[in-house]
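Let's walk through a protein model together, one neighbourhood at a time. Have the sequence and the 3D view ready, and look up each residue as we reach it.

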Amino acid sequence: MGDTLLIALYAAIGAAVAGLTGAVALRLLRNRSVALSLAVVAAVTVAAMLAGTMLVSWAMFLSEHDLWVVTMVCAMAAVASFGVALLLGRSVVRGSRALTEATRALGDDGSFVPPAIAPTAELAELSRQLAATSARLAASRERERALEASRRELVAWISHDLRTPLAGLQAMTEALEDGMVDDPRVYHTRIRTEVERMGDMVSDLFELSRIQAGVLALTPTRMSVYDLVGDAIAGADALAREHGVRLVGDRVEQVPVEVDGREMSRVLANLLVNAIRRTPADGTVAVSARREADRVVLAVTDGCGGIAPEDLPRVFDTGWRGTDARTPPAGAGLGLAIVRGIVEAHRGRAAVCNVPGGCRFEVHLPAAV
């Protein structure tokens with residue numbers, strides 16, 4: 001038993017010395033290639049085995065012939081083992097280089113094509129993560145391009161919409177200054193109307209900028225959608241009567257939600273104003289609210305005649321206004337974009353679909369627990 005412990009001790013000492021030497025070598029070569037690191041690991045492994053074996057052989061006081069034979073056998077085995085380790089490590093080096101080349105392409109043009117074969121599980125996982133990152137970057141770039149295009153369209157539309165009232169204001173003020181107006185009160189009323197219209201546009205722009213910047217501050221409170229819908233209908237009733245449109249509540253359930261009352265009232269007001277203005281006289285705009293599983297669905301159904309199928313995906317885009325028949329001249333194409341932004345800030349989603357005679361806008365919100 002004592003001899004066995006002594007043999008184990010000598011083997012451990014040899015392996016420890018080789019291991020410490022290898023650790024120092026790897027630290028000094030930590031910024032070198034994978035091939036060199038693998039060579040050091042293979043050399044340390046072989047050296048640890050060789051050192052332990054030789055120390056045990058010398059400690060056993062073998063004859064010179066036996067010691068020579070053991071030494072030669074260990075040396076040949078070490079050389080062969082080292083060669084086999086380097087040969088097997090070449091596949092890891094090739095996989096690492098292939099992954100490096102693929103990653104370089106990711107930095108150049110943003111695309112990543114993973115190598116066909118990854119020699120290790122770690123490299124395969126790294127390749128999958130890089131592929132997922134490439135996909136996210138591609139989606140982000142696509143969203144950025146779409147947002148930039150939307151911003152350019154928005155700037156063009158807003159510039160056009162502001163130019164018209166500004167030109168009118170300038171003409172009316174010049175007419176007032178020159179004393180060419182028989183009844184100034186008429187022009188005063190028109191000026192106030194145009195200023196209110198421009199103020200609404202600026203307010204919408206400010207709200208949309210807060211939403212897109214992610215700084216929309218919400219103060220959620222628990223309330224019933226029945227009260228929320230009732231207040232929205234009361235606020236839009238005057239506009240509905242002015243346009244000769246019937247505004248009704250259709251199956252409005254008393255279900256609770258956790259929302260910012262002010263912002264959600266703006267959502268319903270935007271939807272109702274759009275619906276009323278698009279619905280012909282003697283038409284009906286219906287508002288409903290119901291619970292579906294863990295969601296609350298608010299819906300506004302109008303009689304606009306429907307939206308072209310190719311336009312449905314763009315309805316909530318910033319600046320989208322569709323045809324002249326679908327958007328009143330006072331609109332800047334921001335109302336539905338604001339609706340989507342506020343709803344998504346509440347962890348919900350906005351949707352639209354065609355129904356017989358019109359379309360239905362839906363707001364899906366998490367139900368209060």
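Start at Glu-263, which lies in helix H7. Helices (H or I, at least four residues) and strands (E, at least two) are DSSP runs, numbered from the N terminus. Is Glu-263 buried or exposed? With a relative accessible area of 2%, Glu-263 is buried; the word buried stands for under 20% relative accessible area, exposed for over 50%, and partly exposed for what is in between, using a 1.4 Å probe and protein chains only. Leaving aside neighbours within four places in sequence, Glu-263 is in contact with Glu-207, Arg-210, Leu-216, Leu-218, Ile-342 and His-346, where contact means heavy atoms within 4.5 Å.

Before going further, keep in mind that this is a predicted model: local features need pLDDT of at least 70, side-chain atom pairs count only at pLDDT 80 or more, and totals for chains, interfaces and linings use all residues. Residues are numbered from 1 along each chain as its sequence is written, and side-chain values use heavy atoms, with hydrogens and water left out.

Now take in the whole chain. The protein chain has eight helices and seven strands. Of its 369 residues, 34% count as buried. Among the contacts in the protein chain with a separation of 6 or more, 70% are accounted for by residues 24 or more positions apart.

Side chains of opposite charge can pair when their charged atoms come close. A salt bridge here is a side-chain nitrogen of Lys or Arg within 4 Å of a carboxyl oxygen of Asp or Glu, and the structure holds 10 salt bridges. In one of them, the side chains of Glu-207 and Arg-266 meet at 3.5 Å, N to O. Because Glu-207 lies in helix H5 (residues 184-213) and Arg-266 in helix H7 (residues 261-278), the pair ties together parts that are 59 residues apart in sequence. Both Glu-207 and Arg-266 are buried.

Compare that with the salt bridge between Asp-183 and Arg-185, whose side chains meet at 3.3 Å, N to O. Here Asp-183 is partly exposed, with a relative accessible area of 31%, while Arg-185 counts as exposed at 61%.

Another salt bridge joins Glu-362 and Arg-290, at 3.9 Å, N to O. Glu-362 is in strand S7 and Arg-290 in strand S4 (residues 284-292), so this pair links distant parts of the chain, 72 residues apart. Glu-362 is buried at 12% relative accessible area, and Arg-290 counts as partly exposed at 27%. A network of salt bridges links Arg-290, Glu-292, Arg-360 and Glu-362.Strand S7 (residues 358-366) also holds Phe-361, and Phe-361 is 45 residues apart from Phe-316, which sits in the loop between strand S5 (295-301) and helix H8 (335-345). A pair of aromatic rings is described by the distance of the centres and the angle of the planes. Rings of Phe, Tyr and Trp (its six-membered ring) pair if their centres lie within 6.5 Å; planes under 30 degrees apart count as stacked, over 60 as edge-to-face and the rest as tilted. By this rule the count comes to one aromatic pair. The ring centres of Phe-316 and Phe-361 are 6.0 Å apart and the planes are at 85°, so the pair is edge-to-face. Phe-316 and Phe-361 are both buried.

Next, follow the chain into H8 itself. Eight of the 11 residues of H8 are buried, so this helix is largely enclosed by the rest of the structure. Among these buried residues are Leu-336, Ile-338 and Ile-342. What covers the buried residues of H8 includes H5, H7, strand S6 (349-355) and S7. Just after H8, Arg-347 takes a positive phi of about 65°.

Where is the kink in H6 centred? The kink, of about 45°, is centred on Ala-236, the bend at a residue being the angle between axes fitted to the seven residues ending there and the seven starting there. Ala-236 is one of the buried residues of H6, which also include Val-225 and Leu-239.

Finally, look at the cysteines. A disulfide is a pair of cysteine sulfur atoms within 2.5 Å, and a search of the whole structure finds zero disulfides. Cys-304 is in no disulfide, and the nearest cysteine sulfur, that of Cys-359, is 3.4 Å away. The sulfur of Cys-353 is 8.1 Å from the closest cysteine sulfur, in Cys-359, which is too far for a bond.
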